[in-house]
Amino acid sequence: MQTICKINGDRIFSRILRLGEIGKNNQNGVHRLALSKEDKEAHFLVSQWMEEAGLSVSHDHFGNLIGRKEGENPGLPAVMIGSHIDSVRNGGRFDGIIGVIAGIEVVQAITSAQIVHQHPLEVVAFCEEEGSRFNDGLFGSRGMVGKINERDLLKKDENGISRYEALKSFGFGVDPDRIKESIRTDKDIKLFLEMHIEQGPILETNGHAIGIVEGIAGPSWYSIFLSGEAGHAGTVPMNLRHDPLMGAAEVISEIERLCKQEPEKKTVGTVGIIQAFPGGSNVIPSSVEFSLDLRDIDLQRRSNVYGKIVNKVQNVCEKRGLTYRIEKHLDVDPIACSENIVSSLREISKDKGITAPIMISGAGHDAMLMSEITDIGMIFVRCEKGISHQPNEKAEQKDITLGTELLLEAVLKFV
Ligand SMILES: CSCC[C@H](NC(N)=O)C(=O)O
Ligand SMILES: [Mn+2]
């Protein structure tokens, strides 16, 4: 006999805080890199919660943690809810986490209310969404849709451990030699839903608890290497130097200038990593490596800005007698969320008396990759001052609960 389906906000929030204890560092941030011992501990804990909710737990060979609950007709494609539980370095406690915990809570509510559903339900914690260990994000979702190759598996972390080795030693039966078995298609998944903190200030500024995502900006990640001539900091005259770090400084300020050129446009460029070799205050560097994270909701505009950055690199190298190399790590096109899901989320929120603005995500999400094989929708939850990717990241229990209630209604509509 079916009873009322109820979301337990206290359980959601206490689980979010509990998960945030795994990998907590001394700056009150979270350091839980993919396939690390902290990540393994988190997978054990989330697996328990999945089982409590009535999900049977497994790992695919990309390291994705998957909970599945059969419906009346196991042959039907699954309704999948997912996000990630790995973090950036010194990250926050809500980014990714709320989507996985909310997914488990939705299944828990359906199980407890003994709701009969036709389609199977799946909740997924994707492996290495953040890319903070092997420097290329969205790994587990790229794998699930068949976009991972040998080169991705051989990428090494800062300790020289390859992703292949990290997967091999992760446990849970994960075997990188069998990744092909873990590729899913549209026949396996009916639709994909993801709830995530906004990681921006729009909801809070406009006084909304939740938003509905209509599009996601496309991220592209590069490493730019400049090489010059090492020398003594005290004796080489300035006009005789081939200093790659000074060259990098010119390129980096041009990245900012290009992205700020048209403030109404959504191109954003970030240099988050820079390293000089050999690294000494009295040594003119022989080479420098820096990262470029370039994003836009408009692919053509992103490509145009990237082309201008490459031109700048070439001009600076010519002027300063340097050489350069550029390595691409990630290149995901911007995507539009599925209209049918956006309108369903809009309708449900209206029926519940919630004003949920339609918005664009500047952050990347696993939903981008899932859109290659199925319909996708995203729910955003307000976060304090739009802060994310740092220890002060914070979302309110009441907003997360409201978002989960919307997620539940959406799942009930499709399952
Ligand atoms: C670029 S791959 C996505 C990784 C990360 N995603 C989020 N939601 O923070 C980001 O947007 O940086
Ligand atoms: Mn993130």
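Which domains does the lining of the second largest pocket draw at least three residues from? They are domain 1 (9-217 + 334-414) and domain 2 (220-331), with bounds from an automatic or database domain assignment. Please keep in mind that this is a predicted model, where local features need pLDDT of at least 70, side-chain atom pairs count only at pLDDT 80 or more, and totals for chains, interfaces and linings use all residues. Residues are numbered from 1 along each chain as its sequence is written, and side-chain values use heavy atoms, leaving out hydrogens and water.

**Ligand 1**
- Domain 1 and domain 2 both give residues to the shell around ligand 1, so ligand 1 lies between them.
- The ligand is surrounded by 14 residues (a heavy atom within 4 Å), and Glu-129, Gln-199, Arg-295, Gly-364 and His-389 are the closest.
- Among the polar contacts (N or O pairs within 3.5 Å), a backbone N or O atom of Gly-364 sits 2.8 Å from a ligand oxygen.
- A polar side-chain atom of Glu-129 is 2.9 Å from a nitrogen atom of ligand 1.
- Taken alone, ligand 1 exposes 340 Å², and the protein buries 97% of that (Shrake-Rupley method, 1.4 Å probe).

**Second largest pocket**
- Its volume is about 230 Å³, the space filled by probe spheres set on the grid points.
- A pocket is an open set of points on a 1 Å grid where a 1.4 Å probe fits, with protein on both sides within 12 Å along at least five of seven lines; lining residues have an atom within 4 Å of a point.
- Of the 14 lining residues, Arg-142, Lys-147, Leu-330, Asp-331 and Val-332 lie nearest the pocket centre.

How values were computed
Chains are lettered from A and ligands numbered from 1 in the order in which they are written. A polar contact is a pair of N or O atoms within 3.5 Å; within protein, one must be able to donate a hydrogen and the other to accept it, and residues adjacent in sequence count only if both atoms are side-chain atoms.
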